Amino acid sequence: MSIVILDRPGRPLLPYPQWLDAAPVLLTGRPESSVDGTGYGGLRYLTGLGFAAAETAVRDLAARGQITAIVAVDPADQVRAGGLRDLLGLPGQSRDAALPLADPVAARALLRRAGIPVVRRAGVRRVCDLYWYAHRWGYPLLVRRRRAPGRPVVAELRDEPGLRAFAAGRLPEDPSLVPDLTVESPVGGARHRGPGIAVTDAALALLPDTPGHPRAVEAVRTATGDWLIDTVHYDPRGASTRAAVRAQAALPAVAQEAAR
């Protein structure tokens, strides 16, 4: 019986064996020289922790014995972990529950279906998508990375010449090539994070609330005074990281955390 950890470089390696009171199996994209394997029941080094490598490793572990839980702290691994839980019939956050917290386009679609007002945002697959949304929404438009941490802006398109210049240098003509980008109509008003206003309360009520996966919701106010949901994402800062790790592993909170 094993708890499997999906770990990627970019932040300090958490003390999983101490937090879980167990000897988990670590699947990591870190270099072997940087990992202290003390306390782990197994170590697998996966270059880049790519989906295929992680899925193959988890399937192999499942074939050898029972996996009881999959833990993934990094937001980039939430959908992957959810899909693997679905595949193996494990408890915890599913892929469908993880997707709106990882993909702003999926989040917007979910909220719009429920009648919750959201910032205008769409995925970009090819050059003509930008022209379509420029015609539909007007300028300016913001182009962002779709799934990168913080969703950085890669271009601000103020007019058609700017759009043409960006498309010529950054977007493929071939519709089979799918860039990791979104386009949106920017809103620059006051912002509200968390519960306390109608739209964020409605979004939090709609989104799955899975133990170990704290959520963050932020709204922005338009020039006419309306509130729109802007961002919905997994927020590891929203709770004790140790508590989140234990919850994902289906373990009870430690005494001092349970008393909060």
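Q: Where does P140 lie?
A: P140 is in the loop between α6 (127-137) and β6. Helices are DSSP runs of H or I with at least four residues, strands are E runs of at least two, and both are numbered from the N terminus. The model is predicted: local features need pLDDT of at least 70, side-chain atom pairs count only at pLDDT 80 or more, and totals for chains, interfaces and linings use all residues. Residues are numbered from 1 along each chain as its sequence is written, and side-chain values use heavy atoms, with hydrogens and water left out.

Q: What kind of peptide bond joins Y139 and P140?
A: The bond between Y139 and P140 is cis, with omega at about 0°.

Q: On to strand β6. Why is β6 described as largely enclosed?
A: Strand β6 (residues 141-145) has five residues and four of them are buried, so the rest of the structure largely encloses it. Buried is under 20% relative accessible area, exposed is over 50%, and partly exposed is in between (1.4 Å probe, protein chains only).

Q: How many bridges join β6 to β7?
A: Four, and β6 runs antiparallel to β7 (residues 153-157). Strands count as paired if DSSP finds at least two bridges between them.

Q: And how many join β6 to β8?
A: Four bridges join β6 to β8 (residues 181-184), again antiparallel.

Q: What stands opposite V143 in β7?
A: A155 is opposite V143 in β7. In β8, V143 stands opposite V183.

Q: Which residues does V143 contact, leaving aside neighbours within four places in sequence?
A: V143 touches L130, P152, V153, V154, A155, L157, F166, L181 and T182. Contact means heavy atoms within 4.5 Å.

Q: How many residues does the largest nonpolar core have?
A: The core has 17 residues, and those with the most contacts inside it are L130, V143, L157, F166, L171 and V183. A nonpolar core is a set of buried Ala, Val, Leu, Ile, Met, Phe, Trp, Tyr and Cys residues joined through side-chain atoms within 4.5 Å.

Q: Which elements give two or more residues to this core?
A: They are β5 (121-124), α6, β6, β7, α7 (160-170) and β8. Helix α6 gives the largest share, five residues.

Q: What is phi of R151?
A: Phi is near 45°, a positive value in a residue other than glycine. R151 sits in the loop between β6 and β7.

Q: Is R151 buried or exposed?
A: R151 is buried, at 12% relative accessible area.

Q: And what is phi of A250?
A: Phi of A250 is near 60°, also positive in a residue other than glycine. A250 lies in the loop between α9 and α10 (255-258), and at 56% relative accessibility A250 counts as exposed.

Q: Where is Q248 found?
A: Q248 is in helix α9 (residues 241-248). With 4% relative accessibility, Q248 counts as buried. Leaving aside neighbours within four places in sequence, Q248 is in contact with A69, I70, V71, A72, R85, P211, G212, H213 and Y234.

Q: Which residues make the contact?
A: L99, P100 and A102 of α4 meet P104, A106, A107 and L110 of α5.

Q: What order do the three strands of the open sheet take?
A: The order is β9-β10-β11, with antiparallel pairing. The edge strands, β9 (191-193) and β11 (227-234), each pair on one side only. The twist averages 20° from one strand to the next.

Q: How many bridges do β10 and β11 pair over?
A: Strand β10 (residues 215-221) and β11 pair over seven bridges. A216 has H233 in β11 as its bridge partner.

Definitions and conventions:
Axes fitted to C-alpha atoms, helices over the stretch in contact; angles between N-to-C directions.
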